[in-house]
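This briefing goes through one protein model by topic. Please keep the sequence and the structure open while reading.

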Amino acid sequence: MRATADVNEALTQNLTLEEIHKAIQALSKGKALGHDGIPIEFFQACASEVAPTLLKAYTAMLTSGEASNYINRGLITLIPKTGDCSKLRNWRPIILLGSVYKILAKTLAGRLQAFLKPNQIGFVEGRSILDNVFIAQDSLDWAVESNQELVLLLLDFEKPFDRIEWNFLFTALSKLGFNSTWVRWVRTLYLHATFAIRINGEARPVF
């Protein structure tokens with residue numbers, strides 16, 4: 001998508017309590033805890049009490065373009081995949097984020113979601129990755145019935161998001177017409193990010 005003036009204006013309006021409440025309730029329960037150790041269920045049970053404080057904190061963060069290292073801290077841990085667990089390749093590293101971070105990210109994502117019309121099929125609400133199989137089969141049937149030549153190309157990029165420079169993402173947002181305020185808000189979720197690795201249940205020094 002390309003961001004128009006109207007889209008930018010809507011995206012960069014001041015955050016509201018209603019949005020914070022909606023983001024809190026939309027987050028899934030029963031998730032592994034981040035470094036802060038606070039489950040999302042706490043925020044859901046006490047939304048009326050904590051949402052005003054979160055709104056003030058988020059507004060200050062977005063205005064300054066900086067979040068504290070504590071909020072932007074991830075806890076890296078390994079979860080087993082399949083196969084021999086004595087081999088490192090059969091473990092998948094994931095980053096567990098704190099609830100305060102998740103709520104802000106969910107709030108901003110909710111604003112953007114209202115304007116997105118994603119082309120991708122997998123990992124999009126209301127769509128199934130199996131749709132790709134049906135599209136491929138329909139394409140093959142069409143080619144056979146209409147006597148057309150057809151080429152199907154599958155490109156599988158391993159861990160694509162992990163390989164993209166953050167500055168490239170911010171530049172791409174600007175090129176797509178998103179204004180400097182929205183780009184700064186998105187940067188807030190990335191700048192000054194710190195991490196700690198959890199080994200045998202214990203978090204190691206932050207880096």
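Ring pairs join Trp166, Phe170 and Tyr190 into a cluster. The model is a predicted one. Its secondary structure consists of nine helices and four strands.

**Aromatic pairs**

- Across the whole structure, a search finds five aromatic pairs.
- Phenylalanine 195 and phenylalanine 207 form a tilted pair, because their ring centres are 6.2 Å apart and their planes stand at 40°.
- Phenylalanine 195 belongs to strand β3 and phenylalanine 207 to the segment after β4 (202–203), so this pair ties together parts twelve residues apart in sequence.
- The relative accessibility of phenylalanine 195 is 21%, so this residue counts as partly exposed; buried would require a value under 20%.
- Phenylalanine 207, at 52% relative accessibility, counts as exposed, the cut-off being over 50%.

**Helix α4**

- Helix α4 covers residues 47–64, and its 18 residues should span 26 Å at 1.5 Å a residue.
- The buried residues in α4 are Ala47, Val50, Ala51, Leu54, Leu55, Tyr58, Met61 and Leu62.
- These buried residues pack against four other helices: α2 (17–26), α3 (40–45), α5 (99–113) and α9.
- Glycine 65 follows α4 and has a positive phi, near 80°.

- Most residues other than glycine have a negative phi.
- Asparagine 147 is not a glycine, yet its phi is positive at about 55°.
- Asparagine 147 is found in the loop between α6 (131–145) and α7, and its relative accessible area of 71% makes it exposed.
- Asparagine 200 also is not a glycine and has a positive phi, of about 50°.
- The loop between β3 and β4 holds asparagine 200, which is exposed with a relative accessible area of 80%.

**Isoleucine 164**

- Isoleucine 164 lies in the loop that runs between α7 (160–163) and α8 (166–175).
- Its relative accessible area is 31%, so isoleucine 164 is partly exposed.
- Between the C-alpha atoms of isoleucine 164 and tyrosine 101 there are 21 Å, and the two residues are 63 residues apart along the chain.

**The protein overall**

- In sequence order, the elements follow the pattern α-α-α-α-β-β-α-α-α-α-α-β-β.
- Along the principal axes, the C-alpha atoms fill a box of roughly 65 × 55 × 35 Å.
- Of the 207 residues, 28% are buried.
- Among contacts with a separation of 6 or more, 62% are between residues 24 or more positions apart.
- The accessible surface comes to about 14200 Å², and carbon and sulfur atoms contribute 57% of it.
- There are 22 positive and 20 negative side chains, with the centres of the two sets 7 Å apart.

Terms used. Residues numbered from 1 in each chain as written. Predicted model: local features only at pLDDT ≥ 70, side-chain atom pairs only at ≥ 80, totals over all residues. Heavy atoms only, no water. Helix = DSSP H or I, 4+ residues; strand = E, 2+ residues; numbered from the N terminus. Buried < 20%, exposed > 50% of the residue type's maximum accessible area, 1.4 Å probe, protein only. Contact = heavy atoms within 4.5 Å. Areas by Shrake-Rupley, 256 points an atom, 1.4 Å probe, with all protein chains shown as cover. Lys, Arg positive; Asp, Glu negative; His and termini not counted. Charge placed at Lys NZ, Arg CZ, Asp CG, Glu CD. Phe/Tyr/Trp six-rings, centres within 6.5 Å; stacked < 30°, edge-to-face > 60°. Expected span 1.5 Å × (residues − 1).
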